[in-house]
Amino acid sequence: MKMIHCSDIHLDAVLSCLSDTGKAEERRNEILLTFVRMIRYAAKNGVKAILIVGDLFDSIRISPATIDIVGKCIIGNPDIDFFYISGNHERDAFLSALPAVPENLKTFTDKKSYRYDEEGITVTAASDPSELNLSPADFNIVLYHGTIRPNAWMNKNIDYLALGHFHELKEGALGQRGRYCYSGCLEGRGFDECGEKGFVRLSIKNGLLEPVFMQASKRTIHEVTLDISEVKGTGDLDILISDETDRLRIPPDDLVKIVLTGRTPDDININYLKKKYGEEFYAVHIVDDTVSVRNETENARYDVSLKGEFIRMVMEKSWPENEKQEVIRIGTMALEGKVIS
Ligand SMILES: [Mn+2]
């Protein structure tokens, strides 16, 4: 029997990370479309059940168009059972917004557990592990939205604990018998949701489970961290970013978060780079985590360390200001044991 485990789709999210409101709206539709595509994949591949483990919607405000599309998808696939628990975001808004709850939408409001008799598979929702009373003879799937302590869910006859809440794929063992898994979200929504996103396809045969992560997102958000201590100016940094994004083969349709670290001269034109790479990729976000040489010099003047002593010594010289900054930059790197080219 094939199933799909997904969670945290966050339909109708505001997507404030995209300053371009046109793109934010486009991404909202892309997230919805990825969800619809996943259901199409399920229908084509004989998937019998889709487990939606909370945060299907981003908030209690759900647009009529989105509820209509999601509702029609469920009704239009009567051979698929949609098991749904709410998350901390939408709470009970989904079920109240539906004109009627379709028969194949299993909501756990009236009953806590469903069983496929032929396969001996159960699907149960739990708000706490102490509620569970599962037969060791069945293949038991449990749905939960939130943070878990794996130890608390051990020895409960759980075979697969399908989790939602964390937006990244994460899994592990539940004692000898079962596994827990956060499927992560279907699409990264913000620059804090980098990497591959998708759902988990489950194949259960003769009591054995084979889970496979399926990449599903339309666009990936990439994180690129660059130590720019060697960089002398904006042109240098531009080349560094360009080389790194080329090396990683980041497609132009994707989003990129660039984190700059290390020491930097003070005359970098970040806005130019934001503009340039914002045009090369779907969206770009540059995080400046660098230490400015000038600020560091100011702070270290009163430092009793060897570094402070070194900086004071250089500052007393009658060399030109930019030469002093360069000597401080290279000297402090050398004191920290960094390779200087
Ligand atoms: Mn969530």
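**View 1. Helix H4 lies across strands E13 and E14.** In this predicted model, H4 covers residues 234-247. Its direction runs at about 135° to E13. Angles go from 0 to 180 degrees between N-to-C directions, and axes are lines fitted to C-alpha atoms, for helices over the stretch in contact. Helices (H or I, at least four residues) and strands (E, at least two) are DSSP runs, numbered from the N terminus. Residues are numbered from 1 along each chain as its sequence is written. Local features need pLDDT of at least 70, side-chain atom pairs count only at pLDDT 80 or more, and totals for chains, interfaces and linings use all residues.

**View 2. Helix H5 packs on the sheet.** H5 (residues 270-280) touches E14 and E16. Its direction makes about 155° with that of E16. Contact means that C-beta atoms, placed from the backbone, lie within 7 Å.

**View 3. Three strands form an open sheet.** The order is E13-E14-E16, with parallel pairing. Two strands pair if DSSP finds at least two bridges between them. E13 (221-227) and E16 (283-288) stand at the edges, each with a single partner strand, so one side of each has no neighbour in the sheet. E14 (residues 255-261) and E16 pair over six bridges. Leu260 has Asp288 of E16 as its bridge partner.

**View 4. Helices H7 and H8 pack together.** H7 spans residues 306-315 and H8 residues 321-335. Their axes are 10 Å apart, at an angle of about 160°. H7 is therefore roughly antiparallel to H8 (angles under 35 degrees count as roughly parallel, over 145 as roughly antiparallel, 65 to 115 as roughly perpendicular and the rest as oblique). Contact residues include Phe310 of H7 and Val327 of H8.

Conventions: Contact = placed C-beta atoms within 7 Å.
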